[in-house]
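Reader: I am new to this structure. Could you take the strand pairing and look at it closely, then show me what surrounds it?

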Amino acid sequence: MADLRINLAGICSPNPFWLASAPPTNTGYQVQRAFEAGWGGAVWKTLGDPIINTSSRFAAVHFNGQRVAGFNNIELITDRPLEVNLKEIYETKKRFPNHALVVSLMVEPKREKWHEIVKKVEAIGVDGLELNFGCPHGMAERGMGAASGQQPDLVEMQTMWVKEAAKTPVIVKLTPNITDITTTAKAAVRGGADAISLINTINSLAGVDIDTWNTIPHVGGKGAHGGYCGPAVKPIALNMVAECARSPEVGVPISGIGGISSWRDAVEFLLMGSTGVQVCTAAMHHGFSIVEDMIDGLNNYLDGKDLHSVNELIGRSVERYSDWGDLDLNYAVVARIEQDNCIVCNKCHIACEDTSHQCIERHTDVNGNGYLKVREEDCVGCNLCSIVCPVEGAISMIEIPTGELPLSWNQRQAAIGATGSGNDSEDSGKKEAV
Amino acid sequence: MGKSLNVNATFIPSESLRRNFAEVKAGMRPMEAIEESNRCLYCYDAPCIKACPTGINIPSFIKKIASGNMLGSARAIMDANPVGATCARVCPTEELCEGACVLNHSSKPIMIGDLQRYATDWAIKNEQMLFTAGHSNGMAVAVIGGGPAGLSAARELARFGFAVTIFEAREQAGGLDTYGIVSFRLPQSISLWEVEQVRKLGVDIRTGVRVGTDISTAELLEQYDAVVLAIGMSKVPMLGIDGEQLEGVYDAIDFVEVTKTEIKTDLVGKRTAVIGAGNTAVDAATCSVRLGASNVKMVYRRTNEEMTAYDFEFEFAKQDGVEFEWLTAPVRIIGDENGRVKGLECIKMRLEASEDGGRKLPVPVKGSNFTLAVEAVIKAIGQTRHLSLIEQLGIEHKRGIVTVDPDTYQTSNPHIYAAGDVIFGEGQGEAMVVSAAQQGKLTAYSIYNTLSAGRERYG
């Protein structure tokens, strides 16, 4: 039984699984149900001046029969009075003193507004604050949410204002709707943020109804962009988390968010530098009880690896994440087909033939049965065949010793620079970045 | 199915017959399991859980397969059902979990039994120890009978911290799961793994010890804080017709039991009649086919409408090429000069409405006698009870069916509890392995509640 407790910038929770600030954390009833189900923490749905929501708010992208590959919403922050929320936050914290209860905040970018809400919220006893600089719709049009979060100076300044008043740890939640997320992450840190959380949702339009020509969702025949989340956004989120984790100028704990649906996803985020994770879509799809397998699966995983604490995972893969220019150009893999496992669907052949490097050949054996063979000398090790292969264990990518010392693009350029020969047109086409 | 069996030659070495007893159904392959587990909707308050007599959290164990948490999946199954690996193979899932699956309405049900087998097979293959014994509470319980009900009670009691001793008359524990279910449905190794899981919790399993003979009931009652009676049922009763003593007449329970450990060739080429139409009768019939019998007929005095075997068992028998003599009752078994079976005289029956409006009664059709030329007769008309032991314990029973309080599983002697087939009948209980497992569990909880409450009161 491994120790699953985490401490994110001074905020402690019995396990790394928190509910993200979103519809599931709208009320005390919900958050208390979540804690009963096993969630280690929750970020209360964003407090601010209550808003009016539209009806018809969510949409999802189903992919080949699997529901909710991605999820899109145009719901805004809390639509309930501040006093009601504060009363329920107080009651929830009182009932669950050992769970992490963080409150998400969003007000106009004015110093006194931030001071006011920070004081009110901290007065009732919370474990931390999360500043919502990410909500991409509705609030942004009022100069809040992503409108603040896309401008590094606004992120820095507002974080600073909050820190002037705050006594509990301050987490800044970042929007992914920006070219380089480390820019705003660094701004948050300059403003004094104790931690960052990412990602918020990505600008999205879930779809268009091809019969009615309405957007999905639509509000009385009109649509507007929403925020995209769910399993589909996980790779985007994971990259952004990793970029922040490996940036020495960020250097604060990270609460990872974005498409986390299982303990495996959580492990990936932890390995890439998250101290804990926040979940929303998976809970909205299946209910709070999914945390049971998240906890159980993580625990069994740690036991299986002989790790005593979940903290031993945090950031362990960060050093393996680098820039393209640091990758070894002399490393080589080729595809190998395990004939016993191959079901001869020919998908690898056509993928390679039409869209990659034409090196998987079709043959017929003495019994007239088709089989596939990789022409290894022409295989560039792109992985495509192993990706399209529907069968476990039929195609493996095997490392081929090249007999050459590791050499990255950056090393190569440096070496060329040192010898003074800038002209390498002869072999530059061989390993070209695309 | 019948075509692929090795039963065509007149002389068949036992090795090739043995292949006929290999598990019929292959386990799910990894890709199948992943696809199927991801198809599960993870319903809230899922009907499959309610349809499982042991209340396995089915969506949870399936989700764990999907997430790659195999240990957690196996534990979720075995936590609720100490014989969950057996039940994955023998449960009538169409009538239980899979029958309740909401996808029956829109697609096809999740293959819950197969997924359960996939997860428990993983635990068996990876030699997982799933549970630990509780801290000793200083109390001791004797369990008479190491079948599913006894094992289930013993495991839960051990987890509560009781010192548990199972008294098992046979060489191995597991009861019906080890000896009574045909190998091509349930290999013995599966049941023995479940026994091992219980033994590893510190439960003392004393095999080859017959209570009432090797140790007296009085001793047990004196030495243990509680006694659980989980002795199941006994042999098939006598038909009460001539010729039952002939060579070639078998008791279906004994007949199946032999096949669990030894494949004999004495049925090769013989025409066989199985009397009865319950699940045991189907087992005896399909075993006979696999043992090389040249023709197998099930003889039943009612029709397929009234037969008690599950539909899938009936289908299975048909696929094995078993034939059926409906509305037929045995009159006498005819022997040859060497005392061996050479025929079964039968009489045709017709069904008449019963006076009380209950089950239709079979009535002989006068003058309709005919003889089936058979060389073997297998009796599968139910099971008798271990009356003598029940009498020795001095507890209330109705014709060997021990009476229990349906909430506490206590018999008329409050120190003696009973679970499983020993309480099945007369409208009490169910005859499934999964029900026995649940009763064993509930008996353990009842003992825990009674004894620990008593301890709080007295000291």
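Author: Two strands pair if DSSP finds at least two bridges between them. Strands (E, at least two residues) and helices (H or I, at least four) are DSSP runs, numbered from the N terminus. The model is predicted: local features need pLDDT of at least 70 and side-chain atom pairs pLDDT 80 or more, while totals for chains, interfaces and linings use all residues. Residues are numbered from 1 along each chain as its sequence is written, and chains are lettered from A and ligands numbered from 1 in the order in which they are written.

Start in chain A. Strand β6 (residues 66–73) of chain A meets strand β14 (residues 226–229) of chain A through three bridges. The two run antiparallel. Look at F71(A): its bridge partner in β14(A) is C229(A). β14(A) has another partner to look at. Strand β11 (residues 202–204) of chain A joins β14(A), again by three bridges and antiparallel. There, Y228(A) of β14(A) stands opposite I202(A). In general, strands of a sheet pair through backbone hydrogen bonds, either parallel or antiparallel.

For the parallel case, turn to chain B. Five of its strands form an open sheet. The order is β5-β13-β6-β7-β8, with parallel pairing. β5 (249–251) and β8 (323–325) of chain B stand at the edges. Each has a single partner strand, so one side of each is left without a neighbour in the sheet. From one strand to the next, the twist averages 25 degrees. (Axes are lines fitted to C-alpha atoms, for helices over the stretch in contact; angles run from 0 to 180 degrees between N-to-C directions.)

Three bridges tie β5(B) to β13 (residues 376–379) of chain B, and the two run parallel. D251(B) has K379(B) of β13(B) as its bridge partner. A helix packs here too. Helix α13 (residues 252–261) of chain B lies on the sheet and touches both β5 and β13 of chain B. Contact means that the C-beta atoms, placed from the backbone, lie within 7 Å. The direction of α13(B) makes about 80 degrees with that of β5(B).

Chain B has another parallel group, around strand β1 (residues 140–144). Five bridges link β1(B) with β2 (residues 163–168) of chain B, in parallel. A140(B) has its bridge partner, A163(B), in β2(B). β1(B) also pairs with β4 (residues 226–229) of chain B, over four bridges and in the parallel sense. Here V141(B) stands opposite A226(B) of β4(B). β1(B) is mostly covered, with four of its five residues buried. Buried means 20 or more other C-beta atoms within 10 Å of the residue's own; 12 or fewer is exposed, and in between is partly exposed.

Next, the cores. A nonpolar core is a set of buried Ala, Val, Leu, Ile, Met, Phe, Trp, Tyr and Cys residues joined through C-beta atoms within 7 Å. The largest has 137 residues. V228(B), L229(B) and V274(B) touch the most other members. Helix α17 (residues 433–458) of chain B gives the largest share, eight residues. A second, separate core has 100 residues, including W114(A), I199(A), V233(A) and C244(A). Back in chain B, L229(B) touches I144(B), L393(B), V402(B), I416(B), Y417(B), A418(B) and V422(B), not counting residues up to four places away in sequence.

Two residues of chain A are worth a stop. V277(A) sits in strand β16 (residues 274–279) of chain A. V277(A) counts as buried because it has 29 C-beta neighbours inside 10 Å. Beyond four places in sequence, its contacts include P16(A), F17(A), W18(A) and F269(A). C385(A) is 108 residues from V277(A) along the chain, and their C-alpha atoms are separated by 33 Å.

L174(A) lies in a loop instead, between β9 (170–173) and α6 (181–190) of chain A. L174(A) has 32 C-beta neighbours inside 10 Å, so it counts as buried. Beyond four places in sequence, F133(A), I181(A), L198(A) and I199(A) are among its contacts. From L174(A) to G145(A) is 29 residues in sequence and 9.3 Å in space, C-alpha to C-alpha.

Last, the two chains together. Twelve residues from chain A and twelve residues from chain B make the contact. On the side of chain A that touches chain B, α8 (263–271) and α10 (290–304) of chain A are the elements that give two or more residues. α10(A) provides the largest share of that side, five residues.
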